[in-house]
Amino acid sequence: MNNFPILTFLTFLPILGMVIVLMLPKKQELSIKITTLLITGIQIILSIFLLMGYNFSAGGINDPSSFQFVEKFRWIDITGFAWIGKIKIDYFLGVDGLSTPLVLLTAIVVFIATISSWSIDKSVKGYFAMFLLLDTGMMGTFVALDFFLFYIFWELMLLPMYFLIGIWGGPRREYAAIKFFLYTLFGSIFILLVMIGLYFSSMETLADGTRVFTFNMLEMMNPANYTANGILSPLNPNNLRLIAYIALFAGFAIKIPMFPFHTWLPDAHVEAPTAISVILAGVLLKMGTYGILRVCYPVFPEITYQLAWWIALFGMINIIYGALTAMAQKDFKKLIAYSSVSHMGFVLLGMAGLNTIGISGAILQMFNHGTITAMLFLIVGVIYDRAHIRDLDAFGGLGKQMPIYTGFVTVAFFAAIGLPGLSGFISEALVFLGGFGSDTTRIFAVISTLGILLGATYMLWTMQRVYLGSLNEKWKELKDLTAREYFMLVPLTVIVIFLGVYPSPMLDLMNASVNAMVKFITDAQGVYSAFNSF
Amino acid sequence: MEVGLNHFLVVSTLLFSMGIYAIVTRKNAILVLMGIELILNSANINFIAFSRFGNFGLQGHLIALFVIVLAAAEAAIALAIVLNIYKTLSTVNIDEIDNLKD
Amino acid sequence: MNKLIIPDLLNSLNSILPEIVLSLTLVAIILSDLIFHKNKKLLPYISLIGLIITFVFLINQFGKSDAAFPVAAQFSFLSLDPFSLFFKVIILVSSILIILFSVSSKEIESGLDRHGEYYGLIFGMIIGMFFMISANDLILIYLSLELLSLSSYILAGFVKTSLRNSEASLKYLIYGAASSGIMLFGISILFGIFGSTNLHEINELIRTPAATQLTFLISVIFIFAGIGFKISIVPFHFWTPDVYEGAPITITAFLSVASKAAGFAVLIRFLKVTFIDSLTGNGYWQLIGYIDWQTLLIIIAIITMTFGNFAALWQDNLKRMLAYSSIAHAGYLMLGVSIFSDQGLIAVLIYFFIYMFMNLGAFYVVMLIANKINSEEIDDYRGIGYSLPLLGTTLGIFLISLTGLPPTAGFIGKLYLFIALVDANMIVPAIIALLNTVVSLYYYVRVLRVMFLIKSDKTVSVNLNPLNFAVLMFMVIPTLLLGVYFSPLVNFAKESVQLLGF
Amino acid sequence: MTESVLINLSNAILFLPVLGFVVTLLLGKKIKSIYLFEVFILTIVLLASIVLAFGKLSYFPDDKITAEFEWFRLTDTFAIKLGFLIDNITVLMLFVVALISGLVHYFSIAYMKGDERYNRYFAYLGLFTFSMNGIVLTHSIIMMYMFWELVGLSSYLLIGFWFEKKSAADAGKKAFLVNRIGDTGMLIGILILYLTYHTFSFDQIFASISAGVLPFNSDFWLSVTGVLLFMGAIGKSAQFPLHVWLPDAMEGPTPVSALIHAATMVAAGVYLTIRIFGLLTADAMMFIAIIGMLSAFIPATIALTQNDIKKVLAYSTVSQLGYMVMALGVGAYKFAFFHLVTHAFFKACLFLGSGSVIHAMHHEQDIRNMGGLRKKMPLTYATFLISSLAVSGIPLTSGFLSKDGILASTFAFGSLTGYWIFAVVGLLVAMLTAFYMFRLVVITFHGEPRDHHKFEHAHESPFVMTMPLTVLAILSIFIFYTPNPVSAEQGWFLTKWIDSPEVHTPNSTRFDFMQSNIVEQASLSGHGEIMYSEQYTEAMHSAHYPAMFLSLFFAVLGILTAFTFYQWKKVNVDKLVASVKPLYNFSLNKWFFDEFYQKTFVAGLFGLSKIMYWFDSKIVDGIVNGSATVTHALSIFMGGFDKYVVDGLVNFMAYLSGFFGLLFRRVQTGKVQTYIVLVIFSIIIFFFFL
């Protein structure tokens, strides 16, 4: 089991699936769907194997030896005379407590999205091919440890997403798709630039003692690896680390999406088909925060400290602003989309705390938001499939017509509100504790508590408008959940409740890494300030 | 007054300018082509003059010969193309040849 | 003064074997056209055989650095160095592809009786480009450039009955002739100043600050204008959209890749050989400081790419859009040149190699579709992605690669460019170039959108023959493969930065 | 009887209702009579709580039993632990909750009969019981907060149980949201506590305070923390200014009102304040006392004019809760809890009685349509009357004892600190309470029936409904708390059952009368029982009789007035009302609180959200889109080649890109000569450049 390249399989299995899907004849819609389901099912099984073999005490973050399931070999190796001759890029995969929860999340959400995609009837082949490609992009982003590889996976998601929204989306799908595409591309060019800048600032020592520039993220995190005059090197008195950090952060922030880069989100969500909304909210948004934790924090610890105040500020703005905007929505899906903005703000706030509690809370919130918001989008999908509208004011009293469905709605809504006993509470509480525990971010944590009030306001108001009150006669024919919908909602509900009651497994999973990260960035910050002093 | 290098240069520069002027202002494609010939010839004058006054041997003369040959070839091709244009458009006014544009 | 000795001459002939083979092929084509004038099918085969033999001889030169036709102890007319080899490979590969394109082009098919002319002139272009690339002497540069230009003027108007062909041809002619005239005038002044037209000799002479400033500048700018015309950088680009749109697709494709490659080769050689002072240890070129080339080129590059991208946004004709996009790409390449370092040069080489595949590929798909629907209007591509899934998908891949998104090869080209820029601390140009990439996404994706996001009732069917398919794959596979595994290409480019003498 | 038995019992009491909830909810559709399972569970819980209370009070009367387990751990220092704190207050409260919950279950069997979601209703009751027990049992503030939210959920579900009725759904939402306002404050308080003490456990926090650790090292922040935590109580116990949700919550089924909105959940706020009593400074207590006083007074005035039987009771509840809070504020810890317990019984009785009436009148709640029900429903009437006497503070009832104690405390507080206002308001409210309660009794049960049709159909309720009434009415008699009907001071409830309060705040932050002997305090190290000063004991003693007589006087005055007005009709009420019309309307309209909040906060919030959305879609999206090409290209992209779209800031950028576009197009004229001219100009520009 130890030598089995599980991460490669996790990442590239969907590509295999894509090839199979492309080879199947167009008419064989069912076998295409089943192939996809099988592939994503195997992904879940693989991720369970991953968990079984996982060593809960290994930290990761900056220490290559404590990463797990590492696969590393030279991918591009060019020897030569000048700098460019020594370019070396590794195929370097590995997981730690930061990425494992997200790998798990991806596997689950993609599987559920596959079931949700069952109702796709337009160009089925193309859809599932794109879907699987997207899957590879997401998985790869979470397991790549080489910046170059990370970037490739990061960009790999763009195109399938563009088509998935653009072809199978709602009426304004083209606008939404291109907006998503452009925003993300805009963000990723900054990531690219900083990546190149980092490449020229840090050197890896090879086995034979020579030093070469490196794309290896873990090497970039080691202050000792910096060159004397690299533009992002702390040793260089004219370094551009602050600007680079902001650029990199902005690149990731667009994906989160952080105010004011969030406007692509409502459009993309509203237009995307249900399954894609689920993936978008469930996994894609996490990539932004994951990127910040994986790259920004350990590579630029001193700037992170310097800018924690701002991160928290934006976290707070996201929380309050997202909630207030959500309240003004008339479209159910848009409301959920803005609620994502609000909830992702908690992730930012927790991260800004720069302590174990806050960062644990942030990662947990990433996972929880992934599952909760997936549920919420599925819930919207359920009525949209039946009624073909999503106008919040057009419904009413569905609780009577569809009691079981409303039961799931209640769980999802209250999980989103952060009700104890459901998973959202733990992460939000940890975020508040973490945010409040740091002097820099305390005030924002206090103001952000308004977010839980506002969150309850728009969620309950929605509950009220759609599910409570007297039944609108128009919807007398709506049927309660189908078996397929059960199959999607039940696992998520179980996760939400389980993690609400007993969050330990998930927290233990990330704990060693979070502690390692906090320790590392705290220590490294000292190292960097020493650099600056001479 | 002895004719020196500067005189040749003035002539060639004048020819060059007239060539450019012709290219830019003439409406008739043939006349435009003649402007181009003027430019080439101004360069030829330069080559020969420099060769003569600069003690560069016969290099300049040789170059001028090349250019003359080339100018001839260019003229032949140009006239063929203009002829073709005339066949299809019945005009050689290059102001009217502006179908390809933004 | 410079006496050529027979052994020298023979040696030199030995080193220009590829060029000789090309010339012989040209003769063979003309002869075949005369003898077998009923059987035009033979011509492409002859061309291909000629090109392949050339290729063999070219490969034979790999790794060698030769000076042919010496004029003095240290100066020569031609440099057969790895740098020129690289560009010759690009030109040969694209020529082979263009010949293969031409076989299936309906436009070219229409002028069947003049096929001898067509292939002959293409070889004229190729020979011109080969000499341009290696030329060390301004006069030789001028002559080979004219050989290239004259052949392409005719080819641009190949379909005589087509109005836009003719117009393109005339415009190209007038514009090109004027530019080369200006260039020649510049050369004549330079000759007056230095008494030589050899780049190496000029380099030696300008190291002593005796050169007259103003006239030197004028002449250099005039020459730059001539080269600028070939590579269609702003402000010498005006002909490009009109001619690209008007000319037959095969020729447009050829102009956009091969002719541009030759132009860039000349520019790089002209700048490096003429103005270089010394090479620093890490590959930066110290230029002799008469002219602030770097600032000039950066500004031109930025304007060129910005202009190209913005103008492309407005185009409804796919060919014209690709024309503007090729202007934008010239801007990126120019930015690579403006770094004035071996790193930048490597980036340019890599970029060009990749650009060849993706750009030719895009034109090829456009041609195949235009064969059927007789239109290059973007609006006519509605639903192509569904009725022609293979062509739609491959065009999509080429366009994505042109945008520069991973995991396509276009990304690697851009990546190396940005790596070189960042290494040279040219952050602001890098950012501008990146933003341009985002802008370019618009018009490339617009095509994707039309093809895939809009459904059309009309169904178009194109029967691809095996040759079409093979050619298509020949371009798609490198476009994808070089995106994930680019070591060989980089190695090749790295070996090719050696210019004769430096 | 060992500690572990008590802990196991507590576990059973806590978790059995969850079982009931889950089983009843999941099987509710399939098995019609599954509700009996829930009722059965509650019976067991009730028995267990009796055993627990008995065991604790008789075997471990002075011990604090704690048990905790680690829920999850993040660092060596940070772990969240869940656990129990079982002291006398806990077991008494548990008993109250279990008893009332059990009785309400029985009552509901008949009351809710025929409802389409009958089983769901019982499931929710199970959920509520679980949550409430959690609040009572917890040893840490974070766990209290969790269960605090959960009772909020069950309250939301139960208020909106008949969600088809818009008013019910609205009321549920309002209750949850208004509670959340208070919870937000409480959460911040918890954050401060954790930041300072790195623990959530009450004991450890108190120990640290005793050791002199203060939030941000200042007395002020200790007070702030107390007030913030108390905000939770303001929400949950419907204290001014967040009292507006409770009357609306009467939309829920009446047994629910009895259980949640009268006896237990709303008392949780008071329970919280009792739990955190140890960290309240004098400033915080003053704040609490003022809030309590306002909450006692304002709803009492509103209750005077209400015509809905449940609304009157609801306002009465707020008012009585205000009493308790005020009592805590003035330091009468024991009496506050005492009143909590007595109030729970008699108010639950009143609500269930009103439920009985409503049931009999076929869901008629307006007292103006009732009258004369005394004859039809003698048992209901009797229990209602006893409870009304209790709430009015008439001797021999439990209410008299607890209310008298509170009043005496306010007197003592007044004499020691000079703030007599609490005593004055307390007496005034006592009179108002007596008046509106007997107004209710008289109008509902006495006189002639007003709606004869309904009256004819009215009937006494079945046994499952009258039994709880009887039990509760009996528990409103003094004898269960003390043998002395006029003073509870020496009774077992106050002396044996309730622990003396502990105060841990630094002496400098306490009221003078709560100063403790420094030496003694130190020796107790963290378990400092409050040492009321001698003056306080004396003041209490001397306040006892005046307070008793005054309160009795005012209560009787109130009752007599009610009879004069409504029974004997000696005063023309309508005329009286007309003469004080503005005042009457002010009271009838609940001081316009709802309208005020609606116009300010709610409208403000929605306005803000609309503005934000406008800002979002027009400005943020606009600016981001507007970065030169984007908007424009987007518009092209969308097929709308509308180059001259002009709206605002966005389009300045769009204009710019349009300008470029046009410029480029102007240049590309198609005329080759133009091109050449441009080239030559460019070359000339280059000369200047070089």
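Helix 13 and helix 14 of chain D are roughly antiparallel to each other, a label given to angles over 145 degrees. In this predicted model, local features need pLDDT of at least 70, side-chain atom pairs count only at pLDDT 80 or more, and totals for chains, interfaces and linings use all residues. Residues are numbered from 1 along each chain as its sequence is written, while chains are lettered from A and ligands numbered from 1 in the order in which they are written.

Two packed helices are described by the angle between their axes and the distance between the axes. For helix 13 (residues 309-329) and helix 14 (residues 333-360) of chain D, the angle is about 175 degrees and the axes lie 9 Å apart. Helices here are DSSP runs (H or I, at least four residues), numbered from the N terminus; axes are lines fitted to C-alpha atoms over the stretch in contact, with angles running from 0 to 180 degrees between N-to-C directions. Two residues are in contact if their C-beta atoms, placed from the backbone, lie within 7 Å. Among the residues that meet are Leu313(D), Tyr323(D) and Met324(D) from helix 13 and Phe335(D), Leu340(D) and Phe351(D) from helix 14. By class, this contact has 13 nonpolar, 5 polar and 2 charged residues (nonpolar: Ala, Val, Leu, Ile, Met, Phe, Trp, Tyr, Cys and Pro; charged: Asp, Glu, Lys and Arg; polar: the others, Gly among them).

Chain D also meets chain A: 45 residues of chain A are in contact with 39 residues of chain D. On the chain A side, helix 18 gives the most, with 11 residues. That side divides into 27 nonpolar, 16 polar and 2 charged residues.

Within chain A, Met351(A) sits in helix 13 (residues 332-352). Why does Met351(A) count as buried? Met351(A) is buried because 29 other C-beta atoms lie within 10 Å, and the cut-off is 20 or more. Leaving aside neighbours within four places in sequence, its contacts include Thr289(A), Ile311(A) and Ala362(A). Ile389(A), 38 residues away in sequence, is 38 Å from Met351(A), C-alpha to C-alpha.

Chain B, finally, has 3 helices and 0 strands. Its radius of gyration is 17 Å, whereas a compact globule of 102 residues would have one near 13 Å (taken over C-alpha atoms; the globule rule is 2.2 Å times the number of residues to the power 0.38). The C-alpha trace of chain B spans about 50 × 25 × 25 Å along its principal axes, and buried residues make up 37% of the chain.

Terms used:
Helices (H or I, at least four residues) and strands (E, at least two) are DSSP runs, numbered from the N terminus. A residue is buried if 20 or more other C-beta atoms lie within 10 Å of its own, exposed if 12 or fewer, and partly exposed in between; C-beta atoms are placed from the backbone. Angles under 35 degrees count as roughly parallel, over 145 as roughly antiparallel, 65 to 115 as roughly perpendicular and the rest as oblique.
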